[in-house]
Every structure is written in structure tokens, then in C-alpha cells.
Amino acid sequence: MTGRGWRRTLAAAAALAVAFALLYQAGAGLRASQGARITGDEPFYLLTTHSLRTDGDLDLRDEYEAREYRAFYDHPAPLWYQSVPAADGRVLSPHNLGLSLLVLPAYALAGLDGTKAFLGALGGVTVGLSFLVALRATGRFAESLAAAGLVGVSAPVFIYATQLYPELPAAAVVLAAVLLLLRGGRAGPVDALGLAAAPTALMWLGSKYAWVAVVLAAASLLRLSFPRWGPWPLFLAATGLAGLHYAWFHLETYGGLTPYAVNALYSDDGGTLAILGEHVVLFQRLYRLLGLWNDGEFGLLRWAPVLLPALPGLVLLVRRRPAAGWLIAALVVTELLVAAFVAITMRGWWFPGRQMVVVLPLLAAPLAEGLAALRTRRAGTALIAALGAYTAAITAALVLAVRAREVTLAVDPFALAWAPFRIPAPLFPVYTAFTPATWALTIAWLAGLAAWTGAVVWLGLRGARATAADGTLGVPGYLRDGA
């Protein structure tokens, strides 16, 4: 890529990041429930941040006794306990420290408002990174820019940009690692250290990201091992030391390899391996592989229908750019399997899509491929515009409804009364009861997605053959123009 091409790319990424950082500030004031601005796990991440700022420790006993959580928690009832006391009497938050440390400067400067503003800005950076990853993976400038923007305006990304959860910061880590992995040329020590930092950061943000971290570590080891004298020993040494420190800290602090050891739900389950063994369920959760996408309340496609072209786009990306395609597919499928078979539930006291947000911005790359395939037909272009407009409209309607106190983010967002959202509701199964209608809709969705994928893949392959005939396959426009 020429210097002019790099400047154009970086300018577009920066503009996207700034635009979405500003847009996400509109979500900072939205209430999670009628009684509280933040709820679920959010207060406990921030309670640790507050304790670190005021006491310099993780023990929350004094914060509970003096009700210091009133600095950010506005529910009329006292904050409940999410954990049991440790062996030495300390009360600890049952969550990894990464997010609490990440937001500490913002919280110290401006409390809850400053924390949410900072997370919104980081969300904007995440959208900018998603564009860079999509461009590097596909070589398609316009489609990558559009795909990143469409993912950015989807309700799950918009909402989690300012929620006190580690989901979107973790997504930023994944994107940065993928960007390094797809970088051309010979890898050096800086690449090795950067790639070692990614799985380490993911583990500190959340133990639930362990399998995504493993995939990134394996891909990093492969990337750094070729040519033979690549810097893979440095990567192994850095990740090994980081892993040992992580294990030592958690065993010393929580009495287990994860903070779940002090969680009130898991404290009697016999340790990390016992917890994992108890909650890994296979056959009873097969429906989640589809339900995470099409559930009428918590499915991603219910809130972000513009993601429909990403499924066939992933097939096209694997075929057209195997290295990038298989890497992205491995990360997405890994998180899908974790969300389906390891996570206790796909629904809960949070906004829909939480389990998949860590890889959601990564879908900008296959979405860009899907958009490119659909653009080969006028009807496809119209469909893209309709899906994008509908996705953005859902987000806008949700924001207005939450501001009007009609729904809240963590309790009942799926009760959104906006007519264009309610009218198609019967097309989506709700996997809380398996009635004949549920099974019929599930079969229809499976058949429809298979047909949709086949049609878009066919369009993409046909378009690729036509593009290859004039020698421009996969080349960004600004390079074809001689920039």
C-alpha cells in the first residue's frame, strides 16, 4: 500500500472512531432498570474500582458498611452481595480485575459519568479497529467502511459501548490481535510482545474469554514460527510468565483460578474445574447455536438484522482469503460454542447479545464480503440499504423508549413497542418454551438461512469470477487507480 493509501485508510479509521465515540455518548445516560442506572454485574465492577481508588485494596467490607456504593448506585434498596466472604473474611467482587482497573482513571476524574464517557470513547476506537481488520482481511475499502459502520450502529454494540461490562473492551483486544496477526511481512519482537499481551489482557478482562485467548495464542504461535527463526520463543516466554502471574494472583486472592471461586452461586461447587464440569452441557443446549442468532428476545438478528450477510460472507472470506477467513471463523465459532455450551444461560439480567459481543465487531470482515456479493445485483443493494436502515432504526427506537421509561436495558428491552419492531416478532422463536410453533419456526429458520447462504455465496463467487477476468480481484480501488 502506498503512503497515500495508508493516509486514506488511517484517516477513515480515525473519522469512524471519533464519530462513534461521540454517538455512543448518547447511550451513557440510559437506565439499566427502572430503579437503577446500572444493575446486574455492573455495580460490582465499579465497586472494586471505588475500593481501589479510596482504599487501594480489593476488600469491599467497608464500602458495604458505609454504603459508599451510593456514589454510583442509585437504587433505593441497598446493594446486594454477589459473593461470599473469603477464608480471611474479606468481601471480594466475583469478577476479573481488568475492567475495574481499565476505568479507574476515568472514575477517579468524573465518577460514573466519566466512566461511561470513557467506555463510549473506547467503543468508538473499537469500531475504527473493526474497519481496519475488515479492510486487511478483505481488501475492500468501501465495503469494510460500510460494514464497520453498520456493526457500530447495531443495538448490541451501541448499548455495550457504555455498559460497565468487559465485552466491548475485550472485543477491542481481539481486533488489535487479529490486526497484528494479519499484518504482512516478517514478524519481529514487537509483534511477539503485542500478541502475548492480547490473551493476557483477555484473561484479566474475563476468565470467560479463556477459549478465545487460546485460539489467539495458537494463531500467534503459528504466525511467529514462520520463518523458522521467528520470535516465537519470546512469545512463549512472555505468555508463560503472564500466565504464571495470573494463576498466582487468583489463587492467592480468590482461592481459585477464577474470581468465580467467591461467587455466591459457585462457591460451594468445588473449585474451577468442578464449576466448568458442572456447567458444560451439550445436548440440551444445541438449540442455542441457532437461538443466539434468532431468539425473539435475545437473538442477535432480532436486534441487528444487518448481520444476515455476515454468514455467507464468512464462507466467501474463507474461500477468497483463507488465512484471514479461517482465523476469523475460528474466533467466532469458538465464542459461539462457549456461549452455547459453557455459559449458564443465553438470557439474563443484561441487554441481549452479551455472550457474542466479544467477537461481534470482528463480523465486520465477513459482513464486508457479504455486502460485496449483494452489491452485484440492484436488488441486493436495496436489501443492504433496507437492512442497514432497519438496524439503525431499531437502535434509535430503543434509545428513545429507554429515555421515555417505556423499557429498560437489562430488564425488558424486548418489550419495545415500536411497530416495525413488534410486527415481525412472530417470525422469531422464543426459546423459553419448546412448542410445536417453536420447532416449526426453528426448522424454517434453518432452511431459510441455508438457502440465503447458498444464494449469497453463489452471487459472490459469480462476481469474483467476473472481477478476476479483468484482473482486479481483491485489490482496493485506490490501489487500482494507481494511488
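**Figure 1. Ala148 sits in helix α6, which covers residues 141-153.** The model shown here and in the other views is predicted. Ala148 is buried, because its relative accessible area is 0% and the limit for buried is under 20%. Leaving aside neighbours within four places in sequence, Ala148 is in contact with Leu16, Val127, Ser130, Phe131 and Ala364. Leu363 is 215 residues from Ala148 in sequence, yet their C-alpha atoms are 8.5 Å apart in space.

**Figure 2. Val358 belongs to the loop between α16 (322-341) and α17 (364-374).** When residues up to four places away in sequence are not counted, Val358 touches Glu167, Ala170, Ala171, Val174, Tyr209 and Glu335. Gly370 is 12 residues from Val358 in sequence, but the distance between the two C-alpha atoms is 21 Å.

**Figure 3. Helices α9 (residues 189-205) and α10 (residues 210-224) have axes that come within 8 Å.** Two packed helices are described by two values, the angle between their axes and the distance between the axes. For α9 and α10, the axes cross at roughly 170°. Angles over 145 degrees count as roughly antiparallel, and so α9 and α10 are roughly antiparallel to each other. On the α9 side, the contact is made by Asp191, Ala192, Leu195, Ala198, Pro199, Leu202 and Met203. On the α10 side, these residues meet Ala210, Val212, Ala213, Leu216, Ser220 and Leu224. Sorted by class, the contact holds 11 nonpolar residues, one polar residue and one charged residue.

**Figure 4. Helix α15 (residues 310-320) is largely enclosed by the rest of the structure.** Why is α15 described as largely enclosed? The reason is that eight of its 11 residues are buried. The buried residues of α15 are Ala310, Pro312, Gly313, Leu314, Leu316, Leu317, Val318 and Arg320.

**Figure 5. The structure holds one cavity of 30 Å³ or more.** The space in the largest cavity is about 30 Å³. Which residues line the largest cavity? The lining consists of Thr48, Leu58, Leu92, Ser93, His95, Leu97 and Tyr254.

**Figure 6. Arg53 lies in helix α2, which runs over residues 42-54.** Arg53 has a relative accessibility of 46% and therefore counts as partly exposed. Trp293 is 240 residues from Arg53 along the chain, and their C-alpha atoms are separated by 40 Å.

**Figure 7. Arg67 and Arg405 each have a positive phi, although neither is a glycine.** For Arg67, phi is about 50°. Arg67 is in the loop between α3 (61-65) and α4 (98-102). Its relative accessibility is 43%, so Arg67 counts as partly exposed. For Arg405, phi is about 65°. Arg405 is in the loop between α18 (378-403) and α19. With a relative accessible area of 45%, Arg405 is partly exposed.

**Figure 8. Thr432 is part of the loop between α19 (419-422) and α20 (436-469).** Is Thr432 buried or exposed? A residue counts as exposed when its relative accessible area is over 50%. Thr432 has a relative accessibility of 55% and therefore counts as exposed. Glu297 is 135 residues from Thr432 along the chain, while the C-alpha atoms of Thr432 and Glu297 are separated by 9.9 Å.

Methods
Residues are numbered from 1 along each chain as its sequence is written. This is a predicted model: local features need pLDDT of at least 70, side-chain atom pairs count only at pLDDT 80 or more; totals for chains, interfaces and linings use all residues. Side-chain values use heavy atoms; hydrogens and water are left out. Helices (H or I, at least four residues) and strands (E, at least two) are DSSP runs, numbered from the N terminus. Buried means under 20% relative accessible area, exposed over 50%, partly exposed in between (1.4 Å probe, protein chains only). On a 1 Å grid over the protein atoms alone, a cavity is a set of points where a 1.4 Å probe fits but cannot get out, and a pocket is an open set with protein on both sides within 12 Å along at least five of seven lines; lining residues have an atom within 4 Å of a point. Grid points are joined across faces, edges and corners, and a volume is the space filled by probe spheres set on the points. Axes are lines fitted to C-alpha atoms, for helices over the stretch in contact, and angles run from 0 to 180 degrees between N-to-C directions. Angles under 35 degrees count as roughly parallel, over 145 as roughly antiparallel, 65 to 115 as roughly perpendicular and the rest as oblique. Contact means heavy atoms within 4.5 Å. Ala, Val, Leu, Ile, Met, Phe, Trp, Tyr, Cys and Pro count as nonpolar, Asp, Glu, Lys and Arg as charged, and the others, Gly among them, as polar.
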